[in-house]
Structures are given as C-alpha cells and as structure tokens.
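Me: I am new to this structure and would like to go through a few places in it. Could you show it to me?

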Amino acid sequence: MKILMLRTNKVDPDPRVEKEANSLIKNKDIDLTIHAWDRTSKHKCVKETLNLINGEVPIYRIGIKGNWGKGMKKNIIPALKYEIYLFFWLLKNIKKYDIIHAFDLMTGYPALFPVKLFKKKLVYDCCDYYADSQKGPEIIMKKLRKIETKVFEKADYSIICSEKRIEQIKPANPRKMFIIHNSPNINDYNINKKEQTKIIKSNSNRLKFVYVGNFCNDRWLLEFLNEAKKNSDEIEVHIGGFGGLNGQIKKLSEKADNIFMYGKMKYSDVLQLEREGDCLVAFYETHLKNHIYAAPNKFYEALAIGKPLMMLKGSGMSEIVEKEKIGAVIEPNGDSFKEGIKKIKALKKDKSLKKKMNNIFKKEFSWEIMEKRLFDLYEELKEEML
C-alpha cells in the first residue's frame, strides 16, 4: 500500500503525525510519504527526509508564508494559496498513491475530488474540528461545518481523537470511524528510564511547572506566566514551543527569574523535560468550543510519565483529572491558580500517584491500544482494495 499523509504544518514536530507514521512504517507492505505546509518561509516544494525511530520517511514541504497561531482572519490568503496549490499537486501526483491520509480540513477537502476522480481511498484523521477551533462570523462557521461534515461522510474511514468528539462532529455520519487518542509511545522514548542526561535549566526546590506546545491565544499562557511571576517564591515555569506569542513570552522570561524558555524542542526532549518537572499544564480556554472537546497531548503524557496535571475547568479531559484526583482543575484566575498550587504540592508527596496514573494509561490510553486500532483500520482498507 502506498500511503500519502497530508498536514497543514511543517511536521517539525507534529507528535500525532509522527506517531502514526512511525507505527505504519513497521509494516513492510506500507510505502509511506508525507506532504506538509511550511508556514515559516517561502519556497518551492522540496523533498526532504523525516527521521523517525522506526526508519526514514520522505516528506515534501511547500513553503507558503503564513501566520502561525494568529487565527483564520490573518491566515486566509496563505490558506487559500495552500489549498489551491495542494489541489493541483494532488491532481498531478495522486496516481502514485493508493490511500490519502489527511489530518485536517484544509487537506481533507482539497483531496475529495482527486480521490474520487482517480478512485483512491481517503482516511480523514480529524485532529481538530475546524469550525470550533476558529473565530469568525456564524455564517462562515456554518459553511465550514457543512464542508467538514461532507469530508467526514465522503471519507472511506474517519479518525477522531476521543469518544467525546462523536458529539462534536454531529450531524456528520462517517462511513467507518476509529478513535485514536493522542497517547505517547512510551516504549519508543523510554520516558520512565532514569539514565537520561538532565535538560531542565534549574536545580531549585521550587515547584516546577512544564508547558511545551503552541504559543497561541486561548491557552491562558500569558496569564499563567504572569501568575507564576507573582508566585516566584513557590514555583517556576519551564516553557518550550513556538507560535504567535513568542515575543511576549520571551520578554516575560527575561524579566522573571522563575520562567525558563526552551524554544522549539524535539519530542524526545519534550518528554524528558516533562519527566524532570513536577507538574504538566494544559490550559485550554473554554470560550473556544473546540477546547471543550480537546484531547491534549499533555493529558496523555502526564498519565504515561506519572506527573500531576493542571487544567482549566470544563476543558477536554479535565473531568477525568477531577474524577481520578490526579491533578488540579482550576478557574482562569489568580486565586484559583493559588489553590491549584496547593493541590499539586500535596499530590507531589503522594507516593502512589505515579503508579495510579500509569495504570490508567495502560488500561485505557496506551499507544499499544491505539496502534492496534490504526493497524486494524489499514488492514480493513487493504481487504477492501483487493
């Protein structure tokens, strides 16, 4: 089977794409290629190599300059350019592939006509429900929902990242659907081994909060860092990633002695930093509807590593954190944050917490479970293609 994965970022990094790709290339019958949108620079489509644990994958990257993490309005022209480019690239190249595996609406929608025209198979892997992850006039949001419903229903197979999202994607009625959570593959990264060289930038006794991800609005990031600055005697923040708030976060880190900035990190280093910290954070503001259904990587990583998690009340997976008492669920304000710090300090002393979290992960969310679902999906596709 020749599979082409499509993604609207550079895949540098993209944990979900890389995990699924790394699993699929274990199957010697699968020939995998990735096509990605590099929003950081302007350049022609170039063929490069993505180095994964299980091998190398060819990746095509097209450079169309965009605004990372700054919303639909500021990205509409680059997005349209990319959509048009991808549509014609697929028309020209789709004959080389048997299956298109699209990770978002901006790749799934342009693929519909080429897939139908050349009788290929389409897997729609919905990382985020597009209309609920953007801000704009309701008339535009309704149109986007109709388009994404069409992609779900035209795809041969669909993937969503949590059971809760079945409710979110209504009224779409996918032909066949699999749920694959954003779980890390702990076997690949040996994240619970003790011999790794430490990368954390502080040896203080302060409580160490770790965030690595997108520096964008709607994540309560600037507010969180300002609250951390006020509580510098108790806590410190180790923050890595990239995005639209990069400049503001850098200024904050330069002014505060308890905020440490790491920039863009490879995924193995992300997991190592989280392992060395005391608490992971996943602050998804719930005024953005998509965040109510979120399945944050940090949630699964916290379970796998066995570190408590701090989340905003009402955001995706926060109900599990509350129910299982494996972290602090707070309101987005300073007083609630201080109460959250107290809870995390108490949990840090709980010697049974790591085992409890690891057990939840192994029973419900391990990558072994998710990988089997991915393999089952492609096995069914293979049988259909015979």
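**A first residue**

Reply: Ser 162 has a relative accessibility of 2% and therefore counts as buried (buried means under 20% relative accessible area, exposed over 50%, partly exposed in between, with a 1.4 Å probe and protein chains only). This is a predicted model, in which local features need pLDDT of at least 70, side-chain atom pairs count only at pLDDT 80 or more, and totals for chains, interfaces and linings use all residues. Residues are numbered from 1 along each chain as its sequence is written, and side-chain values use heavy atoms, with hydrogens and water left out.

Me: Where does Ser 162 lie?

Reply: Ser 162 is in the loop between strand 7 (157-160) and helix 5 (165-168). Helices (H or I, at least four residues) and strands (E, at least two) are DSSP runs, numbered from the N terminus.

Me: And which residues does Ser 162 touch?

Reply: Not counting residues up to four places away in sequence, Ser 162 touches Ile 179, His 181, Tyr 293, Ala 295 and Met 317; contact means heavy atoms within 4.5 Å.

Me: New topic: is Lys 47 buried or exposed?

Reply: Lys 47 counts as exposed because its relative accessibility is 57%. Lys 47 is placed in strand 3 (residues 43-52). Leaving aside neighbours within four places in sequence, Lys 47 is in contact with Pro 58, Ile 59 and Tyr 60.

Me: Let us turn to helix 3. Where does helix 3 bend?

Reply: Helix 3 bends by about 35 degrees at Ala 111, and the proline Pro 114 follows within four residues. The bend at a residue is the angle between axes fitted to the seven residues ending there and the seven starting there. Among the buried residues of helix 3 are Ala 111, Leu 112 and Pro 114.

Me: Which helix gives the most to the lining of the second largest pocket?

Reply: Helix 3 gives the most, with 6 residues. Helix 2 (72-93), strand 6 (121-126) and helix 4 (138-154) are among the elements that each supply at least two residues of that lining.

Me: What classes of residue form the lining of the second largest pocket?

Reply: The lining has 8 nonpolar, no polar and 10 charged residues. Ala, Val, Leu, Ile, Met, Phe, Trp, Tyr, Cys and Pro count as nonpolar, Asp, Glu, Lys and Arg as charged, and the others, Gly among them, as polar.
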